[in-house]
Amino acid sequence: MSWLVLVVSGVLESVWASALSASAGLSRPTPALIFAVALTGSMGGLAYAMRDLPPGTAYAVWVGIGAVLTVVHAMLTGREPVSVLKVLFLTLIVAGVVGLKAVR
């Protein structure tokens, strides 16, 4: 259960990071509200997962999922350019996250 909560929390990290960017410094109410709700859920889920998982592993997986999804979202929306090297390095982050789960 902790792993599932951790993955959902990582997805919420991407949501709050993207909403924070869209909020223009928290000056736009809807993205600012999405940011606050997703941040609360993401941190709460990370805290829950850390009750059963080692903190270093939990944090690395949480950040990895959030970072990859945030970059992918930015590339899909045209806010960040796509390159072969960027995709390669994102793949390496995903491989690292999977590896951390595999050695748990």
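Me: What is the relative accessible area of Glu80?
Reply: We are looking at a predicted model, where local features need pLDDT of at least 70, side-chain atom pairs count only at pLDDT 80 or more, and totals for chains, interfaces and linings use all residues. Residues are numbered from 1 along each chain as its sequence is written, and side-chain values use heavy atoms, leaving out hydrogens and water. A residue is buried under 20% relative accessible area, exposed over 50% and partly exposed in between, using a 1.4 Å probe and protein chains only. Glu80 counts as partly exposed because its relative accessible area is 25%.

Me: Which residue forms a salt bridge with Glu80?
Reply: Side chains of opposite charge can pair when their charged atoms come close. A salt bridge here needs a side-chain nitrogen of Lys or Arg within 4 Å of a carboxyl oxygen of Asp or Glu. The closest N and O atoms are 3.1 Å apart, and the partner of Glu80 is Lys86.

Me: How many salt bridges does a search of the whole structure find?
Reply: Lys86 forms a salt bridge with Glu80, and Lys86 is partly exposed because its relative accessible area is 23%. For the whole structure, the number of salt bridges found is 1.

Me: How far does helix 1 reach from its first C-alpha to its last?
Reply: Helices (H or I, at least four residues) are DSSP runs numbered from the N terminus, as are strands (E, at least two). The expected span of a helix is 1.5 Å times one less than its number of residues. Helix 1 covers residues 2–22, which is 21 residues. Its reach is close to the expected span, at 30 Å.

Me: Which helices do the buried residues of helix 1 pack against?
Reply: Contact means heavy atoms within 4.5 Å. Among the buried residues of helix 1 are Trp3, Leu6, Ser9, Glu13 and Trp16. The buried residues of helix 1 pack against helix 2 (29–49), helix 3 (55–76) and helix 4 (84–102).

Me: Which residues does Ser2 touch, not counting residues up to four places away in sequence?
Reply: Ser2 lies in helix 1 and is buried because its relative accessibility is 7%. Beyond those sequence neighbours, Ser2 touches Tyr48, Ala49, Asp52 and Leu53.

Me: Which residues have the most contacts inside the largest nonpolar core?
Reply: A nonpolar core is a set of buried Ala, Val, Leu, Ile, Met, Phe, Trp, Tyr and Cys residues joined through side-chain atoms within 4.5 Å. The largest one has 14 residues, and helix 1, helix 2 and helix 3 are the elements that give two or more residues to it. In soluble globular proteins, nonpolar side chains tend to be buried together. Inside this core, the residues with the most contacts are Leu6, Leu53 and Val61.

Me: How far apart in space are Leu53 and Arg104, C-alpha to C-alpha?
Reply: Leu53 lies in the loop between helix 2 and helix 3 and is buried because its relative accessible area is 5%. Leaving aside neighbours within four places in sequence, Leu53 is in contact with Ser2, Trp3, Leu6, Ala58 and Arg104. Leu53 and Arg104 are 51 residues apart in sequence, and their C-alpha separation in space is 8.6 Å.

Me: What is the relative accessible area of Ser42?
Reply: Ser42 lies in helix 2. Not counting residues up to four places away in sequence, Ser42 touches Ser9, Leu12, Glu13, Trp16 and Trp62. Ser42 is buried because its relative accessible area is 0%.

Me: Which element gives the most to the nonpolar patch?
Reply: Patches are made of residues with over 30% relative accessible area and no salt bridge, joining like charges within 9 Å and nonpolar side chains (Val, Leu, Ile, Met, Phe, Trp, Tyr) within 5 Å. Val7, Val11, Val15, Ile34 and Leu69 make a nonpolar surface patch of about 330 Å², with areas from the Shrake-Rupley method with a 1.4 Å probe, where for residues only the protein chains shown count as cover. Leu69 lies in helix 3. With 3 residues, the element that gives the most is helix 1.

Me: What is the phi of Leu26?
Reply: Leu26 is found in the loop between helix 1 and helix 2, and Leu26 is partly exposed because its relative accessibility is 47%. Ala24 lies in the loop between helix 1 and helix 2 and has a positive phi near 50°. Leu26 is not a glycine, yet its phi is positive, at about 65°.
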